Amino acid sequence: MKIKLTLIILLVSISSFSQKKWNFLIADNLQFRDEMNAQYKDSVHSPLSKEQRNEFNALPFFPIDTIYYVTAKFVHIKQGKSFQMLTSTKRKPTYKVYGKVLFTLRDSNFELMVYQNESLIKKEGYENYLFLPFNDFTNGNETYGGGRYLDLKIPTEDKLVLDFNKAYNPYCAYTDGYSCPIPPKENSLQTYIKAGVKYSVKEN
């Protein structure tokens with residue numbers, strides 16, 4: 001009887017933790033979506049033209065999925081090289097290889113490099129900002145062909161949460177006149193990331 005009671009308590013705890021995690025994921029991502037949509041409607045910060053904004057309602061998203069909320073191992077590369085990242089224009093901003101993340105997705109292991117913009121970190125509020133551009137098998141079909149981005153912050157330990165539900169398209173996906181970083185070859189995921197912002201020609 002005591003064993004059964006302990007097992008029930010354990011199962012309830014696991015269920016409670018999962019439910020809390022799901023509730024957090026939903027609330028966090030709904031806030032992210034609201035902020036993204038507000039940004040795209042704003043005349044100052046939106047990449048859309050006035051005509052596009054007048055027709056804009058909301059960005060298309062994949063359904064929120066816990067599969068794409070992963071805890072990765074973070075490896076800081078203390079002497080990471082600085083390099084000029086290619087963009088959609090002739091501009092080549094300087095980035096530093098700050099570290100790498102190793103994670104498992106659908107029973108497969110992956111590795112992505114994380115970068116730090118050497119100019120951006122000098123601005124107030126961006127000192128801990130990290131940039132993770134990536135490609136995956138959805139590019140050019142369900143998502144923008146030029147890849148997508150994740151914004152991260154420097155972790156305080158050797159773990160880093162990657163929430164691909166927050167992956168977004170560069171401004172270049174929607175209009176001309178922007179210079180958008182192109183994900184380096186080492187950040188090409190050989191899998192489908194069906195999470196985050198989708199892409200539709202109707203938005204362009």
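1. Aromatic pairs come to 17 here, counting Phe, Tyr and Trp rings (the six-membered ring for Trp) whose centres lie within 6.5 Å; planes under 30 degrees apart are stacked, over 60 edge-to-face, and the rest tilted. Keep in mind that this is a predicted model, with local features needing pLDDT of at least 70, side-chain atom pairs counted only at pLDDT 80 or more, and totals for chains, interfaces and linings using all residues. Residues are numbered from 1 along each chain as its sequence is written, and side-chain values use heavy atoms, with hydrogens and water left out.

2. Take Phe74 and Tyr98, a stacked pair at 6.2 Å centre to centre with 25° between the planes. Phe74 lies in strand E1 (residues 69-76) and Tyr98 in strand E3 (residues 94-105), so the pair ties together parts 24 residues apart in sequence. Strands (E, at least two residues) are DSSP runs numbered from the N terminus. Both Phe74 and Tyr98 are buried, meaning under 20% relative accessible area (1.4 Å probe, protein chains only).

3. Phe131 and Tyr149 pair edge-to-face, 4.8 Å centre to centre and 70° between the planes. This one links strand E5 to strand E6, 18 residues apart. Phe131 is buried at 4% relative accessible area, and Tyr149 is buried at 5%.

4. E5 (residues 129-134) is worth a look: six of its six residues are buried, so the strand is largely enclosed by the rest of the structure. Tyr129, Phe131 and Pro133 point one way, and Leu130, Leu132 and Phe134 the other.

5. E5 runs antiparallel to E6 (residues 148-153), joined by six bridges; DSSP must find at least two for strands to pair. Tyr149 turns up again here, as the bridge partner of Pro133.

Methods:
Buried means under 20% relative accessible area, exposed over 50%, partly exposed in between (1.4 Å probe, protein chains only). Helices (H or I, at least four residues) and strands (E, at least two) are DSSP runs, numbered from the N terminus.
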